Each structure stands twice: as C-alpha cells, then as structure tokens.
Amino acid sequence: MNRPATTPVVVHNDAKSRYEILVDGERAGLTAYRDHGDQRVFYHTEVDDAFAGQGLAGRLVEEALTDVRAGGKRVVPVCTYVARFLQKHEEFADLADPVTPDVRQWLRGELD
C-alpha cells in the first residue's frame, strides 16, 4: 500500500552550514553555504536522484533565501543553481551580491 507523501519540510542545519529538504523525514536534498561577514555564500545544491523532478531544489532554495532575508544577510550565489534561481526570481534580486575573485578565493580556503 502506497502512503501519500507528506509535504516537504525545509530545515536549517546550522551546525553543518546548510539547509536541508526532508520528505517523510528523509533528507532529499541540501544547499550548502559558508557565512562571510554579512554574506551567506551558497556553493552547492543537490537533490537525491530518488527525489528528482519534484521541484524540491526550487522550494529548498526559495525557503533558504527567505531565511537569509529574515536574518538580514546578503546572498553570494557561487552555486550555479542558486545563481539561476536568483535570475528567474526577481523578488530575491535585492539580496544578491556579485561573486568576486576575492569571495571565490576565501571560499576555497574555507572548504579545504
């Protein structure tokens, strides 16, 4: 018997510097960041293949950006998915800062 899927839930996993989207309590995807002053630098977004095609990545990023706005931070979209999302959703354009060589260099140091 198939159970109807529950509504996906986005949670902020501050300890791991990422937002996660959960479906029936299982992590279906994530978007990872590092904080740099008042900027939240998003560098990776993924959704597990088992959950592909359900619009989860868009929902995840939308809720993450809403949380960033509520926290008074800016967004630096190093992640190509987040960058494309920002281009398509003008309501978040005011949050975006450009990806600069300095930010890329800082991020490399953070992730090494």
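Modeller: One term before we start: helices (H or I, at least four residues) and strands (E, at least two) are DSSP runs, numbered from the N terminus. This is a predicted model, so local features need pLDDT of at least 70 and side-chain atom pairs count only at pLDDT 80 or more, while totals for chains, interfaces and linings use all residues. Residues are numbered from 1 along each chain as its sequence is written, and side-chain values use heavy atoms, with hydrogens and water left out.

Colleague: OK. Where does S17 lie?
Modeller: In the loop between β1 (9-13) and β2 (18-23). S17 has a positive phi of about 50°, and it is not a glycine.

Colleague: Is S17 buried or exposed?
Modeller: Buried, at a relative accessible area of 18%. Buried means under 20% relative accessible area, exposed means over 50%, and partly exposed is in between (1.4 Å probe, protein chains only).

Colleague: And which loop holds D24?
Modeller: The loop between β2 and β3 (26-36). D24 has a positive phi too, near 55°. D24 is partly exposed, with 36% relative accessibility.

Colleague: New topic. How do β4 and β5 run?
Modeller: Parallel. Two strands pair if DSSP finds at least two bridges between them.

Colleague: Which residue is the bridge partner of F42?
Modeller: P77, in β5.

Colleague: What do β4, helix α1 and β5 make?
Modeller: A right-handed β-α-β unit, with α1 at residues 56-70. Right-handed means that, with the strands pointing away from the viewer, the path from the first strand over the helix to the second runs clockwise.

Colleague: Now, how many salt bridges are there?
Modeller: The structure holds 6. Each is a side-chain nitrogen of Lys or Arg within 4 Å of a carboxyl oxygen of Asp or Glu.

Colleague: Which residue does D67 pair with?
Modeller: R40, with the closest N and O atoms 4.0 Å apart. D67 lies in helix α1 and R40 in strand β4, so the pair ties together parts 27 residues apart in sequence.

Colleague: What about R40 and D35?
Modeller: They form a salt bridge as well, at 2.7 Å between the closest N and O atoms. R40 is buried at 6%, whereas D35 is partly exposed at 34%.

Colleague: And D97, what does it meet?
Modeller: The side chain of R74, at 2.8 Å from N to O. D97 sits in the loop between α2 (80-88) and α3 (101-111), and R74 sits in strand β5, 23 residues apart.
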